[in-house]
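Thanks, everyone, for making the time this morning. I would like to talk through one structure with you, taking the charged pairs and then the nonpolar packing.

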Amino acid sequence: MISLGFVSKKMLANWNGAPLHLPDFQFHEKHSAVIKTNCPEKIMPLIKAFDLEQDSVIRALMSIRQLPQKLQGKAPKTHDDEFGLQTFTLLHASELELCYGLRGEFWRADFGLEKISNTEEYQQPARPGAAKLLLRYQVNLINDSQSELMTETFIHCPDKASYYKMAAY
C-alpha cells in the first residue's frame, strides 16, 4: 500500500517503533543507507556535528526555499537564524539514536518556527495552526562490518487547518 507519507489512524494503531516523544503523528518519511564500518558508535557523533551547509544539494534547495524571503528582504540575518540542525531541539541522544524536535508552520516560507529550548517545552501541545516535527536518526547493526543508518521524520498536526496545510505542502 502506498501512503505517500500519510499515516492513518489505523496504520498508527499498528505502528511498530513510534517515537517516544511523538507517538501520535499523521505524516512519516523514512530513508536509509548501508554504511560499511567496524565502528558503528562513530556514526552518531558525525551526524550530530554535521553542518547542512556542507552539502551542496541541501544548500541549493534551501536557497530556492528561501527565495521568497530574500525577495521580500526578510532573509535570515545571522547564521543562527538560518534553517539547519541547530534550529532543532535535541530530545534524545544515545550511541545508536538521535531525536530532534521542531515546532512551527513548515509550509510557510519562513517555516514559522517556535523557539523550543528543551524536551519539556517540546512536549507541550503545538499551538493551533502549527505542527510538531520529530527527526530521528537510528543506527541498526547488520553485521560486524555493516550498519544501516535510518532517518525518519514524523509530523503531528493538532488541528484540521495545520493538517490540510501540511498535506498540501
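Let me begin with a question: which residue forms a salt bridge with Arg 136? The partner is Glu 152, and the closest N and O atoms of the two are 2.7 Å apart. Please keep in mind throughout that this is a predicted model. The pair links distant parts of the chain, with Arg 136 in strand β4 and Glu 152 in strand β5, 16 residues apart. Arg 136 has a relative accessible area of 7%, and because the cut-off for buried is under 20%, this arginine is buried. Glu 152, at 6% relative accessibility, counts as buried as well.

That bridge is one of six salt bridges that a search of the whole structure finds. Another one joins Arg 103 to Glu 114, where the closest N and O atoms are 2.8 Å apart. Here, too, distant parts of the chain are linked, since Arg 103 lies in strand β3 while Glu 114 lies in the loop between β3 and α5, 11 residues away. Both Arg 103 and Glu 114 are buried.

The side chains of Asp 110 and Arg 108 also meet in a salt bridge, at 2.8 Å from N to O. Are these two buried or partly exposed? Asp 110 has 34% relative accessibility and so counts as partly exposed, and Arg 108, at 33%, is likewise partly exposed. If you step back from the individual pairs, Arg 103, Glu 105, Arg 108, Asp 110, Glu 114 and Arg 127 are linked in a network of salt bridges.

Now to the nonpolar side. In soluble globular proteins, nonpolar side chains tend to be buried together. In this model, the largest nonpolar core has 19 residues, and those with the most contacts inside it are Leu 133, Tyr 137, Leu 149, Ile 155 and Met 166. The elements that give two or more residues to this core are helix α2 and the strands β3, β4 and β5, with β4 giving the most, namely five residues.

What does Leu 149 touch, if we leave out residues up to four places away in sequence? Its contacts include His 31, Ser 32, Ala 33 and Ile 35, then Ile 43, Met 44 and Ile 47, and also Tyr 137, Gln 138 and Val 139. Finally, there is a second, separate core of 10 residues, which includes Leu 12, Leu 22, Leu 91 and Ile 116.

Methods: Residues numbered from 1 in each chain as written. Predicted model: local features only at pLDDT ≥ 70, side-chain atom pairs only at ≥ 80, totals over all residues. Heavy atoms only, no water. Core = buried A, V, L, I, M, F, W, Y, C linked by side-chain atoms within 4.5 Å. Buried < 20%, exposed > 50% of the residue type's maximum accessible area, 1.4 Å probe, protein only. Helix = DSSP H or I, 4+ residues; strand = E, 2+ residues; numbered from the N terminus. Contact = heavy atoms within 4.5 Å. Salt bridge = Lys/Arg side-chain N within 4 Å of Asp/Glu carboxyl O.
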